[in-house]
Amino acid sequence: MQSESDIRLRHDWQLDEIQAILDQPINDLVFAAQRAHRCHFDPNRIQVSTLLSIKTGGCPEDCGYCSQSAHHETGLARERLLPIDEVVAAAQAARAQGATRFCMGAAWRNPTDTNLDQVAAMVEAVSRLGLETCVTLGMLTRGQARRLREAGLDYYNHNLDTSPEFYGQVITTRTYRDRLQTLEHVREAGLKTCSGGILGMGESRRDRASMLRQLANLPAHPESVPINLLVQIEGTPLFGSQALDPFELVRTIAGARILMPASYVRLSAGRSDMSDELQALCFLAGANSIFYGERLLTTPNAESDRDRALFDRLGLQAEAMPAEGRDEPGACRKTITAPAGA
């Protein structure tokens, strides 16, 4: 179990330590995660984001879970980059629904400089609405990361997806090192990072521990850590995968909260198939961010009315923009240790 001594951020986690944390009885694990969560956040506030696909389909990557890959026959039509006025209208609607962060995703391996100029204009326009901005565009060069920073971008999303050991069973067109390098470019440019993974692709609990280790041992913890549950899409190689035990989702969220206590942990894809009770348990385990809206890029999401009703039932509130009044990372100065005998 966690010690009762003071908590501090760490970047030197060992795989066996994390495995031992995830292997705890779930009552002990969730209790430890809730303690870490309360050290840095108001436990009854949830950060709300909206995600829009600004360029859909035709991606040259072969990610086994993705409907937008040109390698898979999923029936998804390839679309051009959205015009800026449509993006701004979607951002205005998201703000009206209570979102404080607006995320834009494009199905590219990496953007061209011309693409990037168009996205930079979108970032500038959305920022003027008072929303935080996030984009996910694939791999970036150092210069492209700096260009986005100059445009006023707040966050860049680039998920690791899974462990380095399991990665090759999901993706072959981009290496794990490619992903880490893009995160390095994003950090060097002064952007906040959003990076997490996908559960339920056939990986083991140790793979999930290894993925968390990669994230927690980065030079700086990602400010946002999305934890996605695989949405199975017919035509993709992972369609028909065995469903993940829901408690493994809870364990992974709790582990992310313990290892990265000052980061937002986002309960992301797959919520449309989750019961209210499972989502509540995920919030108890330290998830404090969700996506509003009925679509996440090309997959279904929980409806906004359902989310508001769930918040009301649980006594939760959407976090205001900007976030104020919470401790800065590290202010708690407590130590997180592995369970005895790890």
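Good morning. The structure is a predicted model, in which local features need pLDDT of at least 70 and side-chain atom pairs count only at pLDDT 80 or more, while totals for chains, interfaces and linings use all residues. Residues are numbered from 1 along each chain as its sequence is written, and side-chain values use heavy atoms, with hydrogens and water left out.

I begin with confidence. The protein chain has an average pLDDT (the predictor's confidence in each residue, from 0 to 100) of 84, and 83% of the residues score at least 70. Over residues 323–331 the pLDDT stays under 50, and the model has 13 contacts (heavy atoms within 4.5 Å) beyond four places in sequence for them. Where pLDDT is low, the predicted coordinates should not be read in detail.

I turn to the helices, which are DSSP runs of H or I with at least four residues, numbered from the N terminus. Helix α2 (residues 26–40) and helix α8 (residues 246–259) have axes that come within 8 Å and cross at roughly 35°; axes are lines fitted to C-alpha atoms over the stretch in contact, and angles run from 0 to 180 degrees between N-to-C directions. On the α2 side the contact includes Ile26, Leu29 and His37, and on the α8 side Phe247, Val250 and Arg251 are among the residues.

Finally, which residues lie nearest the centre of the second largest pocket? They are Leu229, Leu230, Ala243, Leu244 and Asp273, from a lining of 15 residues. A pocket is an open set of points on a 1 Å grid over the protein atoms alone, where a 1.4 Å probe fits, with protein on both sides within 12 Å along at least five of seven lines; lining residues have an atom within 4 Å of a point. By class, this lining has nine nonpolar, four polar and two charged residues, where Ala, Val, Leu, Ile, Met, Phe, Trp, Tyr, Cys and Pro count as nonpolar, Asp, Glu, Lys and Arg as charged, and the others, Gly among them, as polar.

Technical notes. Helices (H or I, at least four residues) and strands (E, at least two) are DSSP runs, numbered from the N terminus.
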